[in-house]
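Let's take a walk through this structure together. Have the sequence and the 3D view ready before we set off.

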Amino acid sequence: MKLGRRRYRRVLVALALLLIVSIFVAVAVGAVWIPPTSTARLFAWKLGLAGRPPVPRSTEVILFQLRLPRILLAGVVGMGLATAGLLFQGLFRNPLADPAIIGVSSGAALGAIVVIVLGGAAAFGGLGVTAAAFAGATATAFGVYRLARVGPTVNVATLLLAGIAVAAMISAVMSSVMAFSGEQIRSIYFWLLGGLGARGWDSLQIVTPIVAIGLLAAVLLAHDLNVLSLGEERAAQLGVDVARTKRRSIAVGALLAGAVVSVSGVIGFVGLMTPHVLRLVVGPDHRKLLPAVAIAGPAFLISADVLARVVISPEELPIGAVTALLGAPFFLYLLRRERGKAESHA
Amino acid sequence: MPEARLILDDITAGYGLRPPAVLGVSLQVSAGEVVGLVGPNGSGKSSLLKVASRALRPRSGSVRLQGFDPYSIGAKDAAHLVAVVPQDVVPAFSFTSLEMVMMGRTPYMNGWGGGDPQGWERTRSAMAAVEVQHLADRPVDELSGGERQRVVLAQALAQDAPVLLLDEPTTHLDIRHVVELLSLVRGLAESEGKAVLAVMHDLTLAAALCDRMVVLHRGQVLADGRPEDVLTSSLLKTVYGVEAEIERSRATGKPALVLGLATAAPMPLGKRAHVIGGAGRGSVLMRRLAELGYEVTAGVLHGSDTDEEVASRMNLLRVSVPPFSGIDDAAARECAALLAAADVVFICDAPIGPANIRNLELAIQAGRGGTRLIAIEESPIDERDFTGGRASELWNELRTNATVVSSYEEALLGAG
């Protein structure tokens, strides 16, 4: 057990290093190369430790107005998506659950679009889109859970089918809403393609506290989700209030997914891959997984964003395309493995 | 004598709109006592265990664990009082055995899974008691069925609850582990004063393990007593429909089963017939229907009526009320459920008075619900109407929805 703990700590340290490296790389590379020395000196200047370094004004703008908020946003979004994925996988007792795959992200997007079209984006002190995304995500999560559950278990096939059906329905509604949107269509498209660019510090201010709250709430659900993986009936026998745990997991997962989607649009597979890979490394205990996922999610999305920026530089790939290119083959591999398991059990 | 740790009092329970799986069952388990719950498939054993473990709220009757009603306290508090060993648990993610057993400490933990200073100690001793320490770091989904069963038992023991419910705990075990597990359970009852209620399939094992055996048949308690008194050839024939001899072990005096093969009684057709009798008018019909292979239900019957005595002797699933009393709402509801589940309902030509007139209303309702009714008129209604005309009215209404026959022979033919 001692050994296990030391190993776990090593994994966390390795992930943290990975995150730091990814941040450094992300700061440096892009359409313009900013050498780490310039970055360090600019930071020292901003903190009042040194005079203004001899770097061009444009470098300063790129660093502080474009790259830094974008990197931090990628980090927070990655953290939110990975944590939401972990919660949904625990809740559905299924490693294939992910906010995008089960349609929760689409639900959030629909909520956001409806609010934009109705002109309510400024409601709740500018949180109108976020609130609507949360509402859409919650409704979809409850709906898919209801549909996917057959008796005591959530079957892979029904989960995926329910997710597909719900996502298809939502996208149909979305198209219809957009057809009536008139002048807003540009702002919707801009938002839908979204990604992390050109969002600035504003959206970071909205999403960071929500993700922090969601993460803390997830901590309190971690043990109950462990027990829930034994099945609802067994969890109840062991003293877990099953209905309450399910409600809270859905609410927290939807809060995270909704907040994140409202600032970045739909980005898939982060919530699928991050928890799954880490489960192979640190085991299935949600209490150990949660910190690991909260570090690895940002590292993954920041790295993916670097790829998105450099692959066809100076043009950019949408970040969702990069995560999908990395994630889809992984998803298919998981699906095959699940099927193999099912056959060997039969 | 101190109050029993587990008290089930007059429990009626079931699922959804289906007829009750458990009908008026009462039983108690005291500290240090091991009680075996036996009966054929579908006799209501598992449902009764669910009622006791806070998983199935009874429709009527009361449950007490150490004096507490588990349905009026939270899941966590209830888990302090009762632990369950289910047939099998396969986690969705591959937890190790150690992690599995620690989950037994959930009722003592806070949200993060901490706050349980004795957790380690209790987990270790539970694993030692079941001898699964060597499996501690193995993922549970890679264990054999027997190993996993023992890990689940350790999980339940780590829960430290005074009442232990076992649901066919030996299903996946080989004979050595069966003996070990059962002696362990016996030992826990004796040393820690646990009250144990175990659903068992193997009657010989149950007789060897238990202080008392409770036999369930069609949702009702058929026998409750020491194994040597309960386990008899005639009981086996009635309950399971098998011919078997009972022998006594020379060493322990406990009864054991010796099966004669190929003597199983014919299987019923799986069709259900309900008889509304009274004044002994239904007795012959109930016997004949049972001989024809029907699963026969009866009611509402009145205590000390011949029909009630026959139904009781035949062990039919039935609804009864005390002699000469009216049919109360609870009995009416139970009977309506039986009527709804029946493929065919026979209404005998019993005398109708204020005490049983509600039976006619129940039959009329069932007929409206689409249940097939056969009304028997060997004697006409006006000769047996003791309600001043109301019974005749109802009978005539009943006739419009029923096949009317003039004799019991014809009724049986009509049943098809």
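This is a predicted model: local features need pLDDT of at least 70, side-chain atom pairs count only at pLDDT 80 or more; totals for chains, interfaces and linings use all residues.

Start in chain B and look for an open sheet of six strands. Going across it, the strands come in the order 5-6-7-3-8-9, and their pairing is mixed. From one strand to the next, the twist averages 20 degrees. Strand 5 (82–85) and strand 9 of chain B sit at the edges with a single partner strand each, so one side of each has no neighbour in the sheet.

Now for a parallel pair. Strand 3 (residues 34–38) of chain B lines up with strand 8 of chain B in the parallel sense, over four bridges. Here V38(B) stands opposite V215(B) of strand 8.

Next, follow strand 8 (residues 212–217) of chain B to its antiparallel partner, strand 9 (residues 220–225) of chain B; five bridges join them. H217(B) has Q220(B) in strand 9 as its bridge partner. This hairpin has two residues between the strands, and R218(B) takes a positive phi near 50 degrees.

Over at strand 5, look for a helix. Helix 5 (residues 145–158) of chain B lies across strand 5 and strand 6 (163–167) of chain B, and runs at about 180 degrees to strand 5.

Finally, where do the chains meet? The contact takes 23 residues from chain A and 23 residues from chain B. On the chain B side, helix 2 (residues 75–81) gives the largest share, three residues. By class, that side has 14 nonpolar, seven polar and two charged residues.

Methods: Residues are numbered from 1 along each chain as its sequence is written. Chains are lettered from A and ligands numbered from 1 in the order in which they are written. Two residues are in contact if their C-beta atoms, placed from the backbone, lie within 7 Å. Ala, Val, Leu, Ile, Met, Phe, Trp, Tyr, Cys and Pro count as nonpolar, Asp, Glu, Lys and Arg as charged, and the others, Gly among them, as polar. Two strands pair if DSSP finds at least two bridges between them. Axes are lines fitted to C-alpha atoms, for helices over the stretch in contact, and angles run from 0 to 180 degrees between N-to-C directions.
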